[in-house]
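Thank you all for coming; I would like to walk you slowly through one structure this morning.

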Amino acid sequence: MGIFLLRSSFTAFDQNQEERLIQSAKQAIHIQYQSYNSYFLANHKLALFHFATDNYFYSTNEQIYVNQSEGIINSITLLQGYCWSSVGTESAGKILTAFDVYLMLRKHNFDSERVRDLIAGEYAIIYASDDGNVVAFNDRLSIEHIYYSKNRNVSSITNRIALLPHIDGQYEYNLEAMLALPLVGYMIGEDTYIKGVSRLPQGAVIKLYNGELRVDENKNWIYQNAPSKADVKNPEVFNQIVEQGVNECSANVKAIFNSAENIPLALTGGKDS
């Protein structure tokens, strides 16, 4: 298991800020981590923290790769979750480490879409270089979440949302987003329970350079003609949306069961079941 946090500032973090960031990051982690690393890149405008424990697939060292020469760090690649090669007769099924992911990114000119085509699994990946470039992406279904926030001075990227309010020292609950919880059991869209913090949409990628954070969405993974939040508050519109969703799910289930004689189905007792 690994937890990462990246902070990017338009101005360099001074020594006091660096020490406070390190201390806050350590206090915010509520797991027994086996390894901890902190790095300051891009003339101290990028701060990157990584906490990790060994798991079934990876040792702590395999979840991070630091590319350096003559003691100078050029880039850092972090891998949370797990992934494997999905192509090639000899390499298909091979578990990929952070070093393997770095090699793939470099080979394909850091094109996250191309790398996603070559790997499978449930993962969150972040690459940060000393020139200020950052790329962060996850599996296309966003099973491993990535969260981000940005304001005038500082942008943050993490796979553990609880880190952000602890690091910032203050936050405000997003009550509008939380209204969906009693209705459907989760928050709709990319909103989170913290105002100003968003979840990376399915199929999207975060690109950050010199403090400017951008989210590039893939239109093929975006629900088309989605109603506005104002419309959803209308009970009539909400009921129509629910009915449409039920009909689409039913049609999909019927299509699956009509396609084969035997369909394995896990009844877990959860909401999906």
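This is a predicted model: local features need pLDDT of at least 70, side-chain atom pairs count only at pLDDT 80 or more; totals for chains, interfaces and linings use all residues.

Which residue caps the N-terminal end of helix 8? N234 does, with a side-chain oxygen 2.9 Å from the backbone nitrogen of E236. Residues are numbered from 1 along each chain as its sequence is written, and side-chain values use heavy atoms, with hydrogens and water left out.

Helices (H or I, at least four residues) and strands (E, at least two) are DSSP runs numbered from the N terminus. Helix 8 covers residues 235-257, and its end C-alpha atoms are 33 Å apart, which agrees with the 33 Å that its 23 residues should span, taking the expected span as 1.5 Å times one less than the number of residues.

Turning to the strands, two of them pair if DSSP finds at least two bridges between them. Strand 8 (residues 147-150) runs antiparallel to strand 9 (residues 154-158), joined by four bridges, and the two form a hairpin with three residues between them. Within this pair, Y147 stands opposite T158. Strand 8 also pairs with strand 10, again in the antiparallel sense, over three bridges, and there Y148 has S198 as its bridge partner.

Finally, Q202 lies in the loop between strand 10 (197-199) and strand 11 (205-209), and N218, 16 residues apart from Q202 in sequence, is 8.1 Å apart from it in space, C-alpha to C-alpha.

Terms used
A polar contact is a pair of N or O atoms within 3.5 Å; within protein, one must be able to donate a hydrogen and the other to accept it, and residues adjacent in sequence count only if both atoms are side-chain atoms.
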